[in-house]
Amino acid sequence: MKVLGIMGSPRVGGNSDILLDEALTGAKDAGADVEKIILNKLKISGCHDCKKCNETGICVLKDDMPEIHKKILEADAIIHSCPVYFWSMTAQMKAYLDRWTAIFDAEWRWQKAYYPKMKGKRIGLITVCGDPNPHTADPIVHSFKSTADMTKLNWIGVVMASATDKGEISKDENAKKQAFELGRKVAN
Ligand SMILES: Cc1cc2nc3c(=O)[nH]c(=O)nc-3n(C[C@H](O)[C@H](O)[C@H](O)COP(=O)(O)O)c2cc1C
């Protein structure tokens, strides 16, 4: 079982990163091999909607995303972690998610070649927002949950937390426990 963690905050060691680490620790605890990708350390352009990938399943943009596509295909489960920026996901996470286009065909179904690897892949989400109401992150949940519903990914769940300062979430034992449990659940 391989679990891939995708970190969408530019703040390494920040709240989304801390909760993702908790989740990956949970996954490891359940016997999984884990890998974390920090999107902000990579070059990931936005999708150009050139549609060339509709035929080939391969993105023409020469940046770090094709390597991530390979890791997405190989993983049994993916946990995304992202803070709220202006009632939405970060630019880094949005560029990454838009580039999932390359693994779909023109009808927004998995490319035939990828279908066996993508069908039923487990997916989980962690969100953090500065607002004390964690549901400020609902638009992020909507994006990931809708993607999962459309493509029949196996939606394992979401952890929604609130914190503002870098690392503040460390004090939130409940959020950390929920993230750990999410990691265990995706790996089971
Ligand atoms: C550019 C920017 C925009 C933000 N927009 C929002 C927002 O719309 N709503 C909110 O609740 N918090 C907002 N925040 C606060 C972050 O979501 C919060 O500080 C979070 O803990 C950051 O997580 P991180 O440590 O993983 O980067 C914003 C922060 C930044 C830097």
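Which residue follows H6, and is its phi positive or negative? In this predicted model, H6 is followed by Lys152. The phi of Lys152 is positive, near 60°. Helix H6 itself covers residues 138-151. It has 14 residues and spans 20 Å from its first C-alpha to its last. That reach is close to the 20 Å expected at 1.5 Å a residue.

Helix H1 (residues 15-29) packs against helix H7 (residues 173-186), with their axes coming within 6 Å. The axes cross at roughly 40°. Angles under 35 degrees count as roughly parallel and 65 to 115 as roughly perpendicular, so H1 and H7 are oblique to each other. Their crossing is right-handed. On the H1 side, the contact is made by Leu19, Glu22, Ala23, Leu24, Thr25, Gly26, Ala27 and Asp29. H7 contributes Ala175, Lys176, Ala179, Phe180, Glu181, Leu182, Gly183, Arg184 and Val186. By class, the contact of H1 with H7 has 9 nonpolar, 3 polar and 5 charged residues.

The ligand is surrounded by 19 residues. The closest are Gly14, Ser16, Pro83, Gly130 and Asp131. H1 provides the largest share, 3 residues. By class, the shell around the ligand has 8 nonpolar, 7 polar and 4 charged residues.

Note on methods: Residues are numbered from 1 along each chain as its sequence is written. This is a predicted model: local features need pLDDT of at least 70, side-chain atom pairs count only at pLDDT 80 or more; totals for chains, interfaces and linings use all residues. Axes are lines fitted to C-alpha atoms, for helices over the stretch in contact, and angles run from 0 to 180 degrees between N-to-C directions. Helices (H or I, at least four residues) and strands (E, at least two) are DSSP runs, numbered from the N terminus. Angles under 35 degrees count as roughly parallel, over 145 as roughly antiparallel, 65 to 115 as roughly perpendicular and the rest as oblique. A crossing is left-handed if the near helix is turned anticlockwise from the far one by less than a right angle, and right-handed if clockwise. Two residues are in contact if their C-beta atoms, placed from the backbone, lie within 7 Å. Ala, Val, Leu, Ile, Met, Phe, Trp, Tyr, Cys and Pro count as nonpolar, Asp, Glu, Lys and Arg as charged, and the others, Gly among them, as polar. A residue is near a molecule or strand if its C-beta atom, placed from the backbone, lies within 6 Å of it. The expected span of a helix is 1.5 Å times one less than its number of residues.
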